[in-house]
Each structure stands twice: as C-alpha cells, then as structure tokens.
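Colleague: Could you walk me through one part of this model closely? I would like the helix first, and then whatever else you can tell me about the ligand sites.

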Amino acid sequence: GAPLLQASGVRKAFGKTRALKQADVQIHAGEIVAVMGPSGSGKSTLLHCLAGILVPDEGAVVYDGRRVDRLDEEQRSALRRTDFGFVFQFGQLLGELTVLENVALPLLLNGVKRGEAMARAGQWLETFGLIELGRRRPHEVSGGQAQRTAIARAMATSPKVIFADEPTGSLDSAAGLLVLDSFTSVAQSHGVAIVLVTHESRVAAYATRTIVVRDGVVATPTAVEPSR
Ligand code: ADP
Ligand code: ADP
C-alpha cells in the first residue's frame, strides 16, 4: 500500500551546515523503523522534518496524502497534536503532575473532558503495567517506568506515528528492553508506525527495518561502505 509517511528529496541546512543533504524515506503503518548513523549525521534533523517540527529547505514530506512541508506553523502544530506522538530521552514528564495526569495531559489539551481523559489515561497505564504508579510524581518512579509513562502519554491521543529520539539512551539494558517491548506492542496491536532514532544496534534489533544516515545522506544498510 501507499506509505503513511514519506520524505522525498528532503534537504535541510542550518546556516552553512548541510545537516540533511538528501533524504528519501517511506514509512508504513505498523513498521518500527530504526534510524541509525553516527553522531551529527542528521538523524534528528530527519526525524524533525518527518514530524513537521522543522520545514525542509527542499523536497516533500507527505503524511496521509498531505504535504506537511506546505502547512503553516499552526497547522503543523495541530497535526503533531492529533496524529503524532513524541518520546525523547529525558525530561519529558511534568514534575508537578502525577504519572496519571501526565498521561491525561495531551487529551486535556485536545479538549477531552477531565473525567474521560483520566479514564483513558488509566487504561493506557494499565496497558503498560504502570497502573500502580498513577498517583506518583515522575521523580518517584524509575527511569524505565518514566519512559514507559512517556510512551503511554504519546499513545493517549491515539496517534498514527510515534517519533522517538534515543528513547532508551538513559536506561540500563533491562529497563530499555521493557521500553522496546512497549513500542513493539503498540506497533503490533494498534498499527502505529514508530520512527526510532538510535545509535545502539541492540535497539535497532527490535525494528522491522533500519535506515542509516551518513553525513546527511540516507542510505540503505546494504549501501553502507565497508570499513577499510
Ligand atoms: P544526529 O541526530 O545524527 O546527531 P543532527 O541532525 O542533530 O544529527 O545534526 C546534524 C548536523 O546539523 C550537525 O552538524 C549539527 O550540529 C547540525 N545542527 C542540528 N541542529 C542544528 C541547529 N538547530 N542549528 C545549527 N546546527 C544544527
Ligand atoms: P503546543 O502547540 O501545544 O504548544 P507544540 O506544537 O509545541 O505544542 O508541540 C507539539 C508536539 O511536538 C509535542 O508533543 C512536542 O513534544 C513536539 N515538539 C514541539 N517542538 C519540538 C522540538 N523542537 N523538538 C522536538 N519535539 C518538539
């Protein structure tokens, strides 16, 4: 079928730094795509262009038949809130809210009434085995529990795509594996596409596909130059 999300000939520079020189990527529903490559190669820039956070200088980003790169800031913000979810390495939960309230927040921001938002947030906590922690504050849970809370929060608005930038980067391997299992389960049971930036091959092993970014260019793994 048609890809859910596609970048064609995408380029992005910051001043003289050509962060992304050529990106052609297709992502389908239910896929977990690992984006790998050395530090500074353009992985985050690619993720931000796909997610409508950055606007490319050239090329097209098409989501569900829509040209994301042609939307204005307000339209892109609305698209991110309704169709996309985000999980980052650190500091994404609000410390003054409980775990349950953190998961409910995107629903409240989307206009869902408080009672329903809390009920749906509780269901997501249940799904991720976190229901016992709902009344705690983020600093009262482990790093892995906080990351799974972040995934629950990203799922709360039923997005079609989740963008995750080094989501296990701050975790030990056992906690990281639980986070990766959570991604696998939402991809399989909800058909969510997951775009996962990582430099760890053990993380990429959980992906259904890996794309490699080198020096601003997206290459397939087979096109990677052999080491000399
Ligand atoms: P990666 O995620 O692979 O580490 P990035 O996409 O973050 O790579 O960065 C690619 C290049 O673009 C790097 O040289 C980085 O310093 C530069 N860059 C990224 N974001 C910005 C920015 N907002 N302003 C200036 N340079 C940036
Ligand atoms: P709002 O319009 O409600 O303030 P934003 O449009 O700023 O929300 O953000 C929508 C989503 O995009 C959020 O989930 C946020 O985490 C993500 N996001 C916004 N800006 C950035 C950024 N610079 N880098 C990464 N993610 C971002």
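Modeller: Start with the buried residues of H6. They are Ala 175, Gly 176, Val 179, Leu 180, Ser 182, Phe 183, Thr 184, Val 186 and Ala 187. Keep in mind that this is a predicted model. An α-helix has 3.6 residues a turn, so residues three or four places apart point the same way. What covers the buried residues of H6? The cover includes strands S3 (32–36), S6 (84–87), S7 (161–165) and S8 (193–197). It also includes helices H5 (143–156) and H7 (201–204).

Now the length of H6. The helix runs over residues 173–190, which is 18 residues. At 1.5 Å a residue it should span 26 Å. Its end C-alpha atoms are 25 Å apart, so the span agrees with expectation.

Next, the two ends. Asp 172 caps the N-terminal end of H6. One of the side-chain oxygens of Asp 172 lies 3.3 Å from the backbone nitrogen of Ala 174. After H6 comes Gly 191, with a positive phi near 65 degrees.

On to ligand 1. Which residues surround it? They are Phe 14, Thr 17, Ala 19, Pro 38, Ser 39, Gly 40, Ser 41, Gly 42, Lys 43, Ser 44 and Thr 45. By type, this shell divides into 3 nonpolar, 7 polar and 1 charged. A polar backbone atom of Ser 41 is 3.1 Å from an oxygen atom of ligand 1. For Ser 44, a backbone N or O atom lies 2.8 Å from a ligand 1 oxygen. For Thr 45, a polar side-chain atom lies 2.6 Å from an oxygen of ligand 1. Ligand 1 alone exposes 550 Å², and the protein buries 57% of that. Strand S2 (17–27) and helix H1 (43–50) are the elements that give two or more residues to the shell around ligand 1. The largest share, 3 residues, comes from H1.

Ligand 2 has its own shell. The residues around it are His 48, Ile 53, Ser 77, Arg 80, Arg 81, Phe 86 and Phe 88. They divide into 3 nonpolar, 2 polar and 2 charged. Helix H2 (residues 73–83) gives the largest share of this shell, 3 residues. Here the polar approaches come from side chains. A polar side-chain atom of Ser 77 is 2.8 Å from an oxygen atom of ligand 2. A side-chain N or O atom of Arg 80 is 2.7 Å from an oxygen of ligand 2. Arg 81 puts a polar side-chain atom 2.9 Å from an oxygen of ligand 2. On its own, ligand 2 has 550 Å² of accessible area, and the protein covers 50% of it.

One more residue of H2 is worth a look. Arg 76 sits in this helix. Is Arg 76 buried or exposed? Its relative accessible area is 8%, under the 20% cut-off, so Arg 76 counts as buried. The side chain of Arg 76 makes a polar contact with the side chain of Glu 73, at 3.2 Å. Leaving aside residues up to four places away in sequence, Arg 76 touches Gly 52, Ile 53, Val 55, Val 68 and Leu 71. Ile 53 is also among the residues around ligand 2.

Key
Residues numbered from 1 in each chain as written. Chains lettered and ligands numbered in written order. Predicted model: local features only at pLDDT ≥ 70, side-chain atom pairs only at ≥ 80, totals over all residues. Heavy atoms only, no water. Near = heavy atom within 4 Å. Polar contact = N/O pair within 3.5 Å; in protein donor to acceptor, adjacent residues only side chain to side chain. Areas by Shrake-Rupley, 256 points an atom, 1.4 Å probe, with all protein chains shown as cover. Helix = DSSP H or I, 4+ residues; strand = E, 2+ residues; numbered from the N terminus. Nonpolar A, V, L, I, M, F, W, Y, C, P; charged D, E, K, R; others polar. Expected span 1.5 Å × (residues − 1). Buried < 20%, exposed > 50% of the residue type's maximum accessible area, 1.4 Å probe, protein only. Contact = heavy atoms within 4.5 Å.
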